[in-house]
Structures are given as structure tokens and as C-alpha cells.
Amino acid sequence: MEDSQKSLKKGALILGVSAIISKILGAVYRIPLVRIIGGDGVGIYQLVFPVYALLLEFSGCAFPTAISKLIAEIKGDDVEEKSFALFKSALSLCLILGGIATIVMIALARPLAILQGDERAYIAYLFLAPSIFLVSLLSCYRGYFQGKMNMKPTAFSQVIEQSVKLAFGLFFASIFMPNVPLSAGGATLAVTISEGIALIYVYVKFKRGVKMPSSLPLKNQNKDGIKTLIKFALPITFTGLILPLSQFIDSFLIVNIIGSYRGDATALFGLLTGTAMTVINLPVAVCYGISTSAIPSVSREKGANRKKNVNGSMALTLIVSLISAVAVYLFAPLIVKILFGNLPSEQLSLTVSLIKTLAPSIVFLALTQTSNGCLIGIGKTYIPMIGLIVGVVVKTLLNLMLLKNPTLNVFGGAIALNACYFVACLINFISLVISGVSDERKSIKTWKYAN
């Protein structure tokens with residue numbers, strides 16, 4: 001139990017530190033980016049990411065979670081052979097899914113941009129599309145290392161992503177101005193380059209640090225591994241698809257509904273998702289380390305030890321998120337002045353108000369994130385999906401009602417986000433309490449090669 005707790009805390013610390021560094025780099029990136037491309041450019045930039053996130057989930061972003069849990073459960077003398085077989089199965093599947101998702105995004109770039117209400121975003125879609133394939137492969141390597149409770153490759157690759165995106169993003173955004181759509185597209189091209197370099201890093205770490213098993217998996221073993229991965233990853237994938245799908249709906253609703261009575265709807269959408277949510281997501285990202293480490297840590301334990309790991313993860317998340325929410329609310333004006341000081345005074349004031357409105361989401365979203373990890377660790381993979389579905393339904397209904405009010409305008413979207421994460425968090429919490437963190441049948445046993 002002591003070793004498990006140490007591994008959990010160590011993994012959470014490593015990923016938490018990397019998340020802080022990554023988010024600081026992301027914030028540093030946003031400051032000059034907003035200055036270069038303005039609120040309108042940020043709005044275009046943000047329009048493409050809900051669809052991007054949606055296709056990422058389809059292409060296999062659930063596999064790090066699936067691989068880490070399944071590898072953490074493997075026992076016996078041939079652990080490395082079984083682990084490598086799972087990894088190879090996941091890599092084969094992600095090659096296919098990532099390729100398909102990239103092609104789909106390229107093919108639908110212009111229709112999607114038109115559907116969202118701003119055709120100028122199609123260039124950003126085109127430049128961003130190849131990164132889906134790269135992230136899909138990157139996810140497999142990260143999942144393998146996380147299953148071994150080695151969080152360093154994931155942590156370092158995240159910092160690499162942000163560093164490369166910062167350098168290339170500002171470069172491309174600058175050279176393409178004053179063409180705002182092309183400049184925003186250049187910023188998304190930097191994302192593709194950053195994922196490619198991060199993939200090279202984890203590939204080199206894998207080749208140098210992972211000893212190849214003496215016997216490689218046979219074709220039928222790969223098939224069994226793929227079946228197991230799909231069976232386990234399917235509900236996680238559906239869960240991951242919900243928020244991006246919801247964000248895509250938001251981008252359509254916010255821009256089109258507010259656009260019916262205001263001419264700056266895209267800019268308002270950019271302020272909500274590209275500035276206010278950037279601040280909100282910083283402390284939530286710190287808690288990401290807790291949720292990621294909780295999956296293999298909880299999966300390895302049984303009974304009372306498992307319950308202690310779950311309670312410890314939730315308590316640590318609650319403490320960090322509460323302190324963060326209060327700090328963000330109190331220091332919102334200073335944060336906005338430092339990060340987005342170049343915005344017009346009206347937009348600065350609006351961003352401060354949005355951040356204060358969204359501050360409760362830090363607690364709800366962080367707890368939802370960690371409770372998702374705990375529920376996946378104990379085998380209840382469908383509960384996070386149910387919680388998010390109910391939350392998104394509540395959010396969509398509130399958006400339809402509140403966005404039509406010119407007085408509320410974009411604040412209707414902020415209120416709806418708070419409600420969404422509160423509902424999802426509540427359902428997860430109730431499920432954890434009712435389940436008593438009972439032991440679930442080991443998912444790995446469904447894989448013939450592991451028996």
C-alpha cells in the first residue's frame with residue numbers, strides 16, 4: 001500500500017509539475033498570440049478545436065487510459081511480453097484510426113467552417129489535420145509508459161509540445177499577418193509540428209528504454225489484444241467524444257445565436273473559450289496528474305487499499321482545486337492584465353467577469369476529471385460517460401435559453417458550463433459512494449494471451 005501511495009503521489013507530482021510548466025508556456029504563448037492576431041483571430045483559432053478534439057477521441061485518445069489500466073493489471077512471469085503485445089495491438093489500431101480521422105478533417109474543412117458560421121476557419125482546419133494522426137500514435141507510447149507508472153515520458157513530451165508550439169506558433173502568426181485567417185491557420189500548423197516532435201521524443205525513449213521481449217506476439221494474439229482494447233476503450237472513447245461534441249455544438253450555438261443580435265459573436269466566443277477558459281484550465285491541468293496517476297494506481301489495488309487510493313486522489317484534488325478557484329476569482333483582474341493586457345478595455349473587463357463566473361468550474365471540472373480516473377480504475381467505465389451526457393444535455397438546454405438573452409449574451413454560455421461540470425461531478429461522486437469502490441473483474445482476463 002505504501003509503495004502504491006508513493007507511486008500515485010510521485011506520478012501526480014511529475015505530471016502536475018509538467019502541467020504547470022505546459023500551461024505557463026501556453027499562457028506565455030497566448031499573450032503575444034492575442035496581440036498578433038487579435039480577438040477575431042483567436043475566435044477563428046478556437047473554432048477548429050472542438051472538431052479537432054472530437055476527431056482526436058475517435059482516432060484513439062482513449063488508448064493511453066486503456067493501455068495504462070490493462071498493463072497495470074498484468075501479473076505473472078511474462079509481464080513484458082503481454083505488455084508489448086497490448087502496445088503493438090494499440091499501435092496498429094491507432095495507425096488506421098488516426099489516418100482516417102486526418103483524411104476526414106481535411107475533406108470536411110470548408111463545410112465545417114461554413115456550418116460554424118465563419119468560413120475563414122477552413123485554413124486552420126487544413127493545417128491542423130495532420131496532427132490528429134501524430135497524436136494518435138503519441139497516445140500509444142504514453143499509455144505504455146503510464147501503465148508502468150513511468151510518467152516522465154508523458155510529462156516531458158507535454159512540455160516539448162508547448163515549447164515547440166510557442167516558438168513556431170508565434171513565428172507563423174507573425175509572418176502571415178495582416179492576413180488574419182492565414183495567421184490563425186499558421187498557429188494551428190505549429191500544433192502539428194509540435195506533435196510531430198513530441199512523437200519523435202517518445203519513440204526514441206521507447207526504443208532506448210524498453211527492452212524488447214524475446215518472443216513477439218503472434219497475429220492471433222494481436223487480434224485478441226485489439227478486441228480487448230476496443231472493448232475496454234469504447235466507453236472511454238464515447239466519454240471523450242462527449243465534451244468535444246458538446247464544444248462543437250457550443251461553437252455553433254454561441255456564434256449563431258449571439259450573431260443574431262451582435263456583430264462580434266466570433267470575438268465573444270474567442271474570449272470565452274480562448275482567454276477565460278485558458279485561465280480556468282490551468283489549475284485543472286495541475287489536477288490532471290492526479291487523475292492520470294489514479295488509473296494504474298487504483299487498478300493495481302484491491303479492497304481497502306483501493307478505497308484509500310480513491311479517497312486520497314479525490315481529497316487531494318478537492319484541496320488543490322478549491323484553493324485555485326478562490327485564487328483565480330480574487331486575482332482575475334491581475335491575471336487578465338498580465339496575460340491579455342493588449343485587449344481593448346471593454347474586452348478586458350468582459351474577460352475578467354467571465355473568469356469570475358467560471359471560477360466554480362475549476363472545482364467541478366477537476367473533481368470530474370479525477371473521479372473519471374478512479375471510476376475507470378475500478379472498472380466502471382460507463383459511469384463517466386453517463387455523467388457527462390447528462391451534464392451536456394443540461395448545458396445545451398441552458399445555452400438555448402440563456403444565449404438568446406442579449407443582456408446575458410456570452411455569460412449564458414459560462415453559466416451553462418458551470419452547470420454541466422457540476423452535474424457530471426455529482427453523478428460521479430454518487431456512483432463512487434454507492435459502489436463502495438468494489439473490486440471489478442480484471443479486464444485483462446478477457447484477453448486470451450494474458451491467461
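Predicted model: local features only at pLDDT ≥ 70, side-chain atom pairs only at ≥ 80, totals over all residues.
Q: Tyr141 and Phe206, buried or exposed?
A: Both Tyr141 and Phe206 are buried. Buried is under 20% relative accessible area, exposed is over 50%, and partly exposed is in between (1.4 Å probe, protein chains only).

Q: Which parts does the pair tie together?
A: Tyr141 is in helix 7 (residues 130-147) and Phe206 in helix 9, so the pair links parts 65 residues apart in sequence. Helices (H or I, at least four residues) and strands (E, at least two) are DSSP runs, numbered from the N terminus.

Q: Which residues form the aromatic cluster with them?
A: Phe87, Tyr144, Phe145 and Tyr203 form one cluster with Tyr141 and Phe206.

Q: And why is the Phe168 and Phe172 pair called tilted?
A: The ring centres of Phe168 and Phe172 are 6.1 Å apart and the planes are at 35 degrees, so the pair falls in the tilted class. Phe168 and Phe172 are four residues apart in helix 8 (residues 152-176), about one helical turn. Phe168 is partly exposed at 34% relative accessibility, whereas Phe172 is buried at 13%.

Q: Helix 9 again: how many residues, and what span?
A: Helix 9 (residues 180-209) has 30 residues and reaches 44 Å from first C-alpha to last, close to the expected 44 Å. The expected span is 1.5 Å times one less than the number of residues.

Q: What caps its N-terminal end?
A: Asn179 caps helix 9, with a side-chain oxygen 3.1 Å from the backbone nitrogen of Leu182.

Q: New topic. How many residues are in the largest nonpolar core?
A: The largest nonpolar core has 86 residues, and those with the most contacts inside it include Tyr52, Met105 and Leu358. Helix 14 (residues 345-377) gives the most to this core, with 11 residues. Such a core is a set of buried Ala, Val, Leu, Ile, Met, Phe, Trp, Tyr and Cys residues joined through side-chain atoms within 4.5 Å.

Q: What is Tyr52 in contact with?
A: Leaving aside neighbours within four places in sequence, Tyr52 is in contact with Met105, Leu128, Ser131, Ile132, Val135, Val191 and Glu195. Contact means heavy atoms within 4.5 Å.

Q: What about Asp250, buried or exposed?
A: Asp250, in helix 10 (residues 219-259), counts as buried at 8% relative accessibility.

Q: Which side chain does it make a polar contact with?
A: The side chain of Asp250 makes a polar contact with that of Lys395, at 2.7 Å. A polar contact is a pair of N or O atoms within 3.5 Å; within protein, one must be able to donate a hydrogen and the other to accept it, and residues adjacent in sequence count only if both atoms are side-chain atoms.

Q: Last one: how many helices and strands?
A: The chain has 16 helices and zero strands.

How values were computed. Residues numbered from 1 in each chain as written. Heavy atoms only, no water. Phe/Tyr/Trp six-rings, centres within 6.5 Å; stacked < 30°, edge-to-face > 60°.
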